[in-house]
Amino acid sequence: MYASKIFTPIIQYWALGLSLIALGGCGSEVKEHSQTTEYQTVLSQPLSLSDRYQHMQTYTGTIRSANTTGIGFELAGKLNNILVDSGDTVSKGQILAQLDTDLLTAEKQQLQASLLQTQADIDLAKSTLVRTQKLKQQNYVSEQQLDETQQQVISLQANQKRIEASLSATNLKIEKSTLLAPFNGKISQRFHNVGEVIALGSPVFTLVGNSQPLAYIGVPIDIAQQLTAEQMVDVRVGKQTFTAKIAGISAEINTISRTVQLRIHLPDSARVINGEIAYLAYQQDVLAPGYWVPMSALTDGVRGLWNVLALVEAEQGFYTIERRDVEIIYTNEQQAYIQGAIKPSDLIVSQGLHKLVVNQKVTLAQSEKTGAL
């Protein structure tokens, strides 16, 4: 019991000594590391001033065939027969639909009968005129009777012309009761069914021609003034891109969209459908001094501005971070065109801004140092 009481303090002192030795060794290590300062390396790029930038803008419109027409009868009547439907391909002069012509046929027969009667009356009047003229030579009839007979013949002949004109009009109505395709194309829509009584001029079908497809695209006034007829432009429809020719530029502004309409001829081989959306990509030079920088070189600022981190040389091989306010003029997918508190040949941090703070001292990446040499 007494021996254990003696050895216990000895063991405690020995453990304490080992702990102090270990702490001493750690302290020397910390002291040695604290004497070495490592600076963060950054990727940078110099600024190069440009006097303009190219602005790529896309404008939209629709595809329409050169011939896209709502076709119908020139007469009102009951629809008696429909020979085609939506999706059918038709040729010029092909019969598409017919109206009921029973009433017109009856009217035609009536006019034909009237014409025969009038012709008979004319023949009788002419015979009477011949006899009257012979009697006049023998002074058996007066001048008035002769004149009346002559006028009767002229009146009957005029009536004959009127009936013939009415008969021609009826024949024309019967002819126009058959709807023919005015050009080669495809039926895109049908509006009426058999048995319906349709109004005068009401379209029965929409016919889309097989002629060269056109893109109708509206652009701002200043862009329209830079374009000319016959100029070649790039038009995208779906996944297809065509080199197309401007066929015409409208002479007035659309009152709703405030744009000027372009009529663009697509190639004959273009496989497009009426109503598809067409996109015109136009690259415009905008005169404005500025600098192109990668999007990764920008960070949020205040009051609607953005910031870049400029590198100011502090001593040989070392740079200090400064924040500069800039304004974004234009952006694309990878770069931004900026103006602000920067000047040509300034060196800015191109990426990794989230790791840096203002007034931090940094060095350039090794590859940039080698490149500079």
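Two strands are taken to pair if DSSP finds at least two bridges between them. Helices (H or I, at least four residues) and strands (E, at least two) are DSSP runs, numbered from the N terminus. The model is predicted: local features need pLDDT of at least 70 and side-chain atom pairs count only at pLDDT 80 or more, while totals for chains, interfaces and linings use all residues. Residues are numbered from 1 along each chain as its sequence is written, and side-chain values use heavy atoms, with hydrogens and water left out.

View 1. Strand 7 (residues 95-99) runs antiparallel to strand 5, to which it is joined by three bridges.

View 2. L83, I95 and L180 make up a nonpolar surface patch of about 240 Å². Patches are made of residues with over 30% relative accessible area and no salt bridge, like charges being joined within 9 Å and nonpolar side chains (Val, Leu, Ile, Met, Phe, Trp, Tyr) within 5 Å. A salt bridge is a side-chain nitrogen of Lys or Arg within 4 Å of a carboxyl oxygen of Asp or Glu. Accessible areas come from the Shrake-Rupley method with a 1.4 Å probe; for residues, only the protein chains shown count as cover. I95 belongs to strand 7. Its relative accessibility is 34%, and I95 therefore counts as partly exposed (buried means under 20% relative accessible area, exposed over 50%, partly exposed in between; 1.4 Å probe, protein chains only).

**View 3. The open sheet 4-11-9-6.** Four strands in antiparallel pairing form this sheet. At its edges stand strand 4 (68-72) and strand 6 (89-90), each with a single partner strand, so one side of each is left without a neighbour in the sheet. Five bridges link strand 4 to strand 11 (residues 203-209), with T68 opposite V208 of strand 11. Strand 9 and strand 11 are likewise antiparallel, over five bridges, and I187 has L207 of strand 11 as its bridge partner. Strand 6 pairs with strand 9 (residues 185-190) over two bridges, and T89 faces K186 of strand 9.

**View 4. The largest nonpolar core, around I217.** This core has 23 residues, and I217, V219, V235, I264 and L266 have the most contacts inside it. A nonpolar core is a set of buried Ala, Val, Leu, Ile, Met, Phe, Trp, Tyr and Cys residues joined through side-chain atoms within 4.5 Å. Among the elements that each supply at least two of its residues are strand 3 (49-65), strand 12 (213-219) and helix 4 (221-226). Beyond its neighbours within four places in sequence, I217 is in contact (heavy atoms within 4.5 Å) with residues including Y59, V260, I264 and L280.

**View 5. I249 in strand 14.** I249 is found in strand 14 and, at 30% relative accessibility, counts as partly exposed. I249 and V260 are eleven residues apart in sequence, with their C-alpha atoms 7.3 Å apart.
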